[in-house]
Amino acid sequence: MLKRIIPILLGITFVMSACGPQGTPTMAPADVQNTAVAAAWTMVAATQQAIPTATAVPPTETPSPTPLPTFTALPSPTLEAAFLPTATQAASVSTDPCLGPLNVSEAGATVPIRIENVSGGTITLSLTMYQKNAFGQCGAVSYANISDKAKQVIQLPRGLWYA
């Protein structure tokens with residue numbers, strides 16, 4: 001009888017074990033190691049991405065020798081010759097623009113000039129750009145009350161100068 005019961009019990013055990021819960025699969029140690037290495041490289045890449053980069057400074061606007069726009073007046077209506085006044089004397093106004101003050105901000109690139117007073121007294125220095133430069137500018141600048149033994153560095157536009 002025992003010979004009959006053992007195969008039946010063995011069959012029931014196989015059937016019952018097939019219907020039971022499955023075991024939890026475990027990861028292989030090599031898979032755990034590869035996951036840790038991938039996570040470490042991801043952190044390194046994120047750190048490198050967070051480092052600020054040196055960006056180029058935007059270029060500054062440099063003046064060009066293009067003349068500035070000027071106002072063009074509309075032609076005036078013509079009058080009869082009888083209504084026009086007669087000139088008694090010619091006007092003596094100088095039309096040389098180089099005799100006026102120099103607009104240094106529109107005169108283009110500048111160069112440093114060193115002024116050193118060794119005259120023994122206080123001086124006033126007048127400098128005149130006597131010919132128009134590449135930017136169409138000319139004129140005069142003045143530096144007053146430069147004391148004895150004083151040294152001063154000034155910025156002047158490129159051009160032809162006299163003192």
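This is a predicted model: local features need pLDDT of at least 70, side-chain atom pairs count only at pLDDT 80 or more; totals for chains, interfaces and linings use all residues.

Biologist: Which strand is joined to β5 by two bridges?

Modeller: The strand in question covers residues 123-129 and runs antiparallel to β5. Two strands count as paired if at least two bridges are found between them, and two bridges are what join β5 to β2.

Biologist: Which strands stand at the edges of the open sheet?

Modeller: The open sheet is formed by three strands with antiparallel pairing, in the order β3-β2-β5. An edge strand here has a single partner strand, so one side of it is left without a neighbour in the sheet. That description applies to β3 (139-146) and β5 (161-162).

Biologist: How many aromatic pairs are there, and what is the angle between the planes?

Modeller: The count comes to one aromatic pair, formed by Y130 and Y162 with a distance of 5.7 Å centre to centre. Planes under 30 degrees apart would count as stacked and those over 60 as edge-to-face, whereas this pair is classed as tilted, with an angle between the planes of 40°.

Biologist: How far apart in sequence are the parts that this pair ties together?

Modeller: Y130 lies in the loop between β2 and β3, while Y162 belongs to strand β5. The pair therefore ties together parts whose separation in sequence is 32 residues.

Biologist: Is Y162 buried, partly exposed or exposed?

Modeller: Buried would require under 20% relative accessible area and exposed over 50%. The relative accessibility of Y162 is 44%, so the residue counts as partly exposed.

Biologist: Which cysteines form the disulfide, and what is its handedness?

Modeller: A search of the whole structure finds one disulfide, and the sulfur atoms of C98 and C138 lie 2.0 Å apart in it. The torsion about their S-S bond is about -95°, so the disulfide is left-handed.

Biologist: Where do C98 and C138 lie, and how far apart in sequence are the parts they tie together?

Modeller: C98 lies in the loop between α2 (29-50) and β1 (110-116), and C138 in the loop between β2 and β3. C98 counts as buried at 7% relative accessibility, and C138 counts as buried at 8%.

Note on methods
Residues are numbered from 1 along each chain as its sequence is written. Side-chain values use heavy atoms; hydrogens and water are left out. Helices (H or I, at least four residues) and strands (E, at least two) are DSSP runs, numbered from the N terminus. Rings of Phe, Tyr and Trp (its six-membered ring) pair if their centres lie within 6.5 Å; planes under 30 degrees apart count as stacked, over 60 as edge-to-face and the rest as tilted. Buried means under 20% relative accessible area, exposed over 50%, partly exposed in between (1.4 Å probe, protein chains only). A disulfide is a pair of cysteine sulfur atoms within 2.5 Å.
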